[in-house]
Amino acid sequence: MLSQPIVTDMLKYNMNEFKIESPYEQSYDQKYVVDRIVNLEKKKQKDQVLLGVTGSGKTFAMANVVEKLQKPALVLSHNKTLAAQLYEEFKEYFPNNAVKYFVSYYDYYQPEAYIPSKDVYIEKESDINEQIEKFRLSAMNSVLTRNDVIIVASVSCIYNIGDPSNLQNKTIVLKVGESISISKLARTLSFLRYERDKMDFEAGVFRIKGDIVDIYPPYENFPIRIELWGDLIEKISTFDSLTGKRINDVDEVEIFPAQNFVFEKETIKKATQKIEKDLEKRIEFFKGIGKELEAQRIEQKTRYDIEMLNEVGVCKSMENYSIYFENREEGSPPFTLMDYFPKDYLLFVDESHITIPQVAGMYAGDKARKETLVEYGFRLPTAKDNRPLNFDEFFERRGSSIYVSATPQKWEQKISNYQVTELLTRPTGLLDPEVVVKPTKNQIDDIIEEINKTISKGQRVLITTLTKKMAEDLTSYLDDIDIKVQYLHSDIDTVERVDILRDLRLGKYDVVVGINLLREGIDLPEVSLVLILDADKEGFLRSKTSLIQTIGRAARHVEGKVILYADTMTESMKYAISETQRRRQYQMEYNKKHSITPRSIHKEIREKLVQDEDTDIQNDRYKEWIKQNKPSKNEVNKVIKDLEEKMNLASENLQFEKAAELRDQINEIKENF
């Protein structure tokens, strides 16, 4: 192991102001909304709701709130795709400030797990996206060193990433004119988990050529060159890693660790001593209840990790031992990105009706998996403390919070003491779409007629069905009559789903059919017609929230229209139609007052920022399990209960296509068993 390196906690804190750069001016309503939110925040109103209709400029309003309050901000989104869009938009508004992107860096992730019924242990497997890892490290470093920072994050921001003070105190500050030997600098960089002299000079690597040390921090766009004369730092510069061309010279530079978990030899020694003690207790516990296999298992696995920690300072799944390195009490919350922010920061929860239930659901699933690993001797009990925050812990760590949604739920409204600020107008003057209810009789003929009328005007159509089979059959039928149609279903991964919607905008398809067209979260200004089949089948697919959200898909076009095919009028339909009409009327009056002529949105079709996430909930092959194991009625009931819980969680997160699949699985199991 290396000795204590030369590091310092003397960080230079950037004090830039937030300054919006945009050709757009705030509309009258946007200005009112921003002023109200700012005034309430200054009056110590901790929680607020921003009810913003589709296309009203909610992101622009959020940006103006940040500029007025001059506070660091965390923008929380429920998936990577939406987070990437928000990141791009905030970058455009604040080109001279630190706008960062923080999402899960796994392209593929199989968590460590054990299935007792089959005696199957699944080792952790992952494929890390290096570009996203770079974004994450850059976000962590920026929030520790700057006050003008906006981080757009997915719910991965509630997972353990290590003590911020540990990362902060491991920083090397190098200055022109100061002395340091190359050997000492090399030892320190190795301690900070930089690799030396790999074949390819890439992020996380350093190399030495004579009196020159090149360092490529994984959180920066360009490497850093340190030129020495003996032990004296003569020059510091950044350069292009491909051409070697110098970009600019600097007087000093801060080098952060290349990884999260970096600890001194003494810290590791103390941690392994604690791990050893807990291991002995656990072995004794298992032997005391006659579980010799579990005792042997935990001893073998943990002693190997201890040996790796003592020899090289790191081990696989090191995060499971984080409680020992951070001196946390058992059961205490982990350090997350929220702990990197100062106490007085802003939290925007985008699409809060989806994001809040998702945050609330993370803890229980992780806990159940870890408890099984601990019970069967694969992990020490302290592994359970490497976890996401539970909802109470998340709530305690929030800054001044604004919950942003077109359909805020009761929880957001209640927690804000019903301080709901409405942004119901669009700067473009676009009205909420016209909503028409039609009977189901002869609906296919009517659908074809409506599609042809829309296509003839160069516009696009979305159709949402209630079942997968109907979506497939309708897509096949439309394709047979030469309509350019594509079916969006759960078997298509997220990257391809986004590509399909992009192709819809580009005109490769005129119609997209699916069960759940809400979760994509991308703007489709070319869509002027949305058709909702079986609108009167009350349930999570046709709740008032999902209906309002789906209707909003046609709100980006001046000729926006929605047709609900139904034979009865449900309460959800009544509410959705009434609320849409209220918003439509409000916009009409606003347009008249300010002499605005509605115009469709023309939005650039951006390239994707990064690889998008896979579907959030994996398909469980329960039918196959039942066939192979022939379980009892009681065991089948447990499976049904588990599926129902997953279905309800998917429904709460508006993952309606996944919820529908789970519902169909439940029905099939009930019918067959």
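Arg460 belongs to strand S21, which spans residues 460–464; strands are DSSP runs of E with at least two residues, and helices are runs of H or I with at least four, both numbered from the N terminus. The model is predicted, with local features requiring pLDDT of at least 70 and side-chain atom pairs counted only at pLDDT 80 or more, while totals for chains, interfaces and linings use all residues. Residues are numbered from 1 along each chain as its sequence is written, and side-chain values use heavy atoms, with hydrogens and water left out.

**Arg460**
- Arg460 is buried and yet has no salt bridge, the nearest side chain of opposite charge being Asp510 at 4.2 Å; buried means under 20% relative accessible area, exposed over 50%, and partly exposed in between (1.4 Å probe, protein chains only).
- A salt bridge requires a side-chain nitrogen of Lys or Arg within 4 Å of a carboxyl oxygen of Asp or Glu.
- The side chain of Arg460 does reach the backbone oxygen of Leu504, at 2.6 Å.

**Asn160**
- Asn160 sits in the loop between strand S8 (149–153) and helix H5 (164–169), and Asn160 is buried, with a relative accessible area of 11%.
- Its side chain reaches the backbone nitrogen of Gly162 at 3.1 Å.

**Lys277**
- Lys277 lies in helix H7, residues 265–288, and is exposed, with a relative accessible area of 60%.
- Together with Lys270, Lys274 and Lys281, Lys277 forms a positive surface patch, for which residues need over 30% relative accessible area and no salt bridge, like charges being joined within 9 Å and nonpolar side chains (Val, Leu, Ile, Met, Phe, Trp, Tyr) within 5 Å.

Key
Accessible areas come from the Shrake-Rupley method with a 1.4 Å probe; for residues, only the protein chains shown count as cover. Lys and Arg count as positive and Asp and Glu as negative; His and the chain ends are not counted. The place of a charge is taken as NZ of Lys, CZ of Arg, CG of Asp or CD of Glu. A polar contact is a pair of N or O atoms within 3.5 Å; within protein, one must be able to donate a hydrogen and the other to accept it, and residues adjacent in sequence count only if both atoms are side-chain atoms.
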